[in-house]
Amino acid sequence: MAEEDAVVVIGLGRFGSSLAIELMASGTEVLGIDADEDIVQAHNGLLTHVVRADSTKEETLRQLSVPDFSSVVVAIGGDIQANILTASLLLKMGIPNIWAKAVSEPHGKILEQLGVAHVVRPEKEMGKRVAHLVRGVMQDYIEIGDNFALVKMTPPREIIGVPLGEAGVRATHSVTVTAFTRPGSGWTYTTVDTVLEAGDTILVAGEPKRVEAFSLLR
């Protein structure tokens, strides 16, 4: 396994397992680590390598060549102490890209204070995403950072049949229609000359509150 092109996933519960298998499907090699022998056996053959090991022991991580990898995900969810200790060891080893799952807001703050650059809060983020989908007409919602979101939706009536350059979406609503698709064709970037139709689907980018307000226009 080429360590520079592979990812270590520590903790193969629901989140870690889903992440590791998705990485494999996209062509990324994965070293999976978990303390539970049954879980390790269940992933045998699904990942490039999978081993049973205690990730809270520095010697163990070094024996598995974890310091040689550039990207490691700490997906341990059931044992917060093990999660934090593992993240701390990875930071000590100088691994450049560390992602760690947080099961609560205090847990996330501790990871951030340790110096983990990428703290993932899957339950919170999924909750926010579903809340946006439930109360609006969005088909999908992805929040990127604290002040930027990308929304998949149908175009509101006011911009249908009008070139986007004339519709003034950015000036009026402070969002940008970045791409569109219509039945039978793929996604295409928009231009000032793009004229949207009622059956189209669009991608809208901007501040979360702005894109949500735009999605409610009918």
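Which residues does Ser-215 touch, not counting residues up to four places away in sequence? The contacts of Ser-215 are with Val-137, Met-138 and Met-153, where contact means heavy atoms within 4.5 Å. Ser-215 belongs to helix 9 (residues 208-215). Helices (H or I, at least four residues) and strands (E, at least two) are DSSP runs, numbered from the N terminus. Ser-215 is buried, at a relative accessible area of 1%. Buried stands for under 20% relative accessible area, exposed for over 50%, and partly exposed for values in between (1.4 Å probe, protein chains only).

The model is predicted: local features need pLDDT of at least 70, side-chain atom pairs count only at pLDDT 80 or more, and totals for chains, interfaces and linings use all residues. Residues are numbered from 1 along each chain as its sequence is written, and side-chain values use heavy atoms, with hydrogens and water left out.

The protein chain is assigned domain 1 (7-120) and domain 2 (126-216). These bounds come from an automatic or database domain assignment. The centres of the two domains, taken over C-alpha atoms, are 35 Å apart.

An open sheet is formed by 6 strands in the order 3-2-1-4-5-6. Its pairing is parallel. Two strands count as paired if DSSP finds at least two bridges between them. Strand 3 (49-52) and strand 6 (118-120) are the edge strands, each pairing on one side only. From one strand to the next, the twist averages 15°. Strand 2 (residues 29-34) and strand 3 run parallel and are joined by 4 bridges. Ile-33 has Val-51 of strand 3 as its bridge partner.

Helix 1 (residues 14-25) lies across strand 1 (6-10), strand 2, strand 4 (71-74), strand 5 (97-101) and strand 6. Helix 1 runs at about 165° to strand 1. Axes are lines fitted to C-alpha atoms, for helices over the stretch in contact, and angles run from 0 to 180 degrees between N-to-C directions.

The largest nonpolar core has 24 residues. Such a core is a set of buried Ala, Val, Leu, Ile, Met, Phe, Trp, Tyr and Cys residues joined through side-chain atoms within 4.5 Å. Ile-10, Val-72 and Leu-90 have the most contacts inside this largest core. At least two of its residues come from each of strand 1, strand 2, strand 4, helix 4 (80-92) and strand 5. Helix 4 gives the most, with 4 residues. Leaving aside neighbours within four places in sequence, the contacts of Val-72 include Val-8, Ile-10, Leu-90 and Trp-99. A second, separate core has 17 residues, among them Leu-164, Val-175, Val-177 and Ile-202.
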